[in-house]
Amino acid sequence: MTNVPIIRIENALIVSLHGHITDRQFQKLQEHLARTLGKTGAKAIIFDASNLPYIDAYIADVFNQVIRNARVYNTPVLLCGIQPAVALIMAEMHISPGNVKTFFTLDDALAFLKNRVVPN
Amino acid sequence: MVRKKTISLKEIRQLVKQSLNEILRVTGRRLMKRINFEETTITFDVLLSKVKEVFDLLLSVLDTSKEFDLSIAEFQPVHRQLNQLGEFLTQHNLNLTTIGELNLAIKDGIFAVLPKKIDLDRDNTVRLFQIIFKILDQLTLATFDSFREHWEKTILAQQQELLEMSTPIIEIWEGVLAFPVIGTLDSHRTQIAMENLLTKMVQKKAKVAILDVTGVALVDTMVAQHLIKTVTAARLMGAECIITGLRPSIAMTMVNLGIDLNGIITRHTMSEGLKESFRILKNHSYTDMIEKQDD
C-alpha cells in the first residue's frame, strides 16, 4: 500500500486527496505530514480535493478530521478544489469549513499564499 | 296517428337534420343564459359554430349505423375532431363546466324540438332520446378527456418554463453572482438550482454569490436547510454566500423554527449584499484568515 504523496512547492506542502484513502493511509499521512513539516519548515498545508468526483462517508470523515486537525499541524491549512456535488453532500453531512480557508483551485490557493505568506 | 314501428337510426338522422336550425335556436338561448361570455375570450357565434360541429359529429355517427365506440378505427375522425374541440376550449380559457353546459344545452334543444316533429309512442320516444343522448354523452366524455389532456399539457409547459425562468443566475459583477429566488422552494427544485449555482460559481470563478430571497413567500424548515446547505457548500468550495431580502415575517419564522443562521452573512437588501460582496472581494486575497486560524 503506497503512501499518499506529499509534494512541496515553495513554502507549501500539497496533499492530493483521492477517493480511496484507507484509515491506515490517512493515519500514516498525518504522521508523515508532521515529520515533513518539521523537516522543511513549510508555512502552509494545502489539501487538494480536485481529484474527488464523489464522496462517501469515509472520505467525508477524512475531510472532517483534516478540518478539525488544522490546528494540530500548527500550520495554516488550506482546502481547495472541492467539487460542487461533493460540497453539497458535505454540507448535508454538516461538515463546515470552520476557520480553514478554502479555494476553488490549487492555483488560487498558491496565489493566496504568495500574497499572504511570502512578504513576511 | 301514433306509429308503432321501431324508429330506425336513419330516421333519427333525418329528423335531427331537419330540425337542426330549431334545435340550435333553443340551444343557443340556453347557452346565452348559462355562459358568462365576459369571462372568456370566446364569442357566442363561435361557440354556436362549435355546437354545430358537435351536431355534425352526431349526424356522422348516426350515419355509420354502428354502435358508437371511440376506440373503433371507424370513429377516428370523430375522435380527432373532439380532440381539436378540447384544445380549442382550453385555449379559450373555458372550463369543464362549459363542456357540461354545452352538453345540457344541446340536450335541451333536442328535448324541446324533436317530440314536436314526430308522433311517437312511448317506447319509440325513449329509444330516440336514448340513442341520441348516448352518443352525445360519449362525445362529451371524450371532450372532457381531451380537454384535461390539453390542460395538463399547458400546466406542465408552464411549470417547466417557470422552473427555468425562476432560477436565473446573473453575474452582476466580476466575481459576484446574483441568484434571485422566486416562488416556492421545494426540495427538488432547490437541489437542482443550488447545484447549478455552485457549478456556475466554479465556472465563473465567482468568489461571492448573493442569494436573494425577496421573491420567496414562505420559508419552512426544509427550505431553510437548503439555504444553509448551499452557504456551507459554497464556503467549502472557497466562496461566500450572502443571503439577502429575508422578510421580517420569514426572519421571525426562521427564529421560531430554531434555525441557526450563525456564521451566515445576511443583509437586508440586494444592494447591501452587493456592498458586502465588494468588501469580501477586497479582502479575499489579503485576508487575515491565516492569523485567525492561529488564534
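Is E10(A) buried or exposed? In this predicted model, E10(A) is exposed, with a relative accessible area of 52%; here buried means under 20% relative accessible area, exposed over 50%, and partly exposed in between, using a 1.4 Å probe and protein chains only. Residues are numbered from 1 along each chain as its sequence is written, while chains are lettered from A and ligands numbered from 1 in the order of writing. Local features need pLDDT of at least 70 and side-chain atom pairs count only at pLDDT 80 or more, whereas totals for chains, interfaces and linings use all residues; side-chain values use heavy atoms, leaving out hydrogens and water.

E10(A) sits in the loop between β1 (6-9) and β2 (12-16) of chain A. Helices (H or I, at least four residues) and strands (E, at least two) are DSSP runs, numbered from the N terminus. Most residues other than glycine have a negative phi. E10(A), not a glycine, has a positive phi of about 50°. H94(A), also a residue other than glycine, has a positive phi near 60°. The loop between α3 (84-92) and β5 (101-103) of chain A holds H94(A), and with a relative accessible area of 67% this histidine is exposed.

Turning to chain B, the secondary structure comprises 11 helices and 5 strands. Its radius of gyration is 32 Å, while a compact globule of 295 residues would have one near 19 Å; the radius is taken over C-alpha atoms, and the globule rule is 2.2 Å times the number of residues to the power 0.38. Along the principal axes, the C-alpha atoms of chain B fill a box of roughly 110 × 35 × 30 Å. An automatic or database domain assignment gives domain 1 (9-163) and domain 2 (170-294), and the C-alpha centres of these two domains of chain B lie 55 Å apart. Of the 295 residues in chain B, 45% are buried.

N103(B), in helix α5 (residues 96-117), counts as buried because its relative accessibility is 11%. Leaving aside residues up to four places away in sequence, N103(B) touches L136(B), D137(B) and T140(B), where contact means heavy atoms within 4.5 Å. K275(B), by contrast, lies in helix α10 (residues 270-284) and counts as exposed because its relative accessibility is 61%. From C-alpha to C-alpha, K275(B) and S187(B) are 30 Å apart in space, and they are 88 residues apart in sequence.
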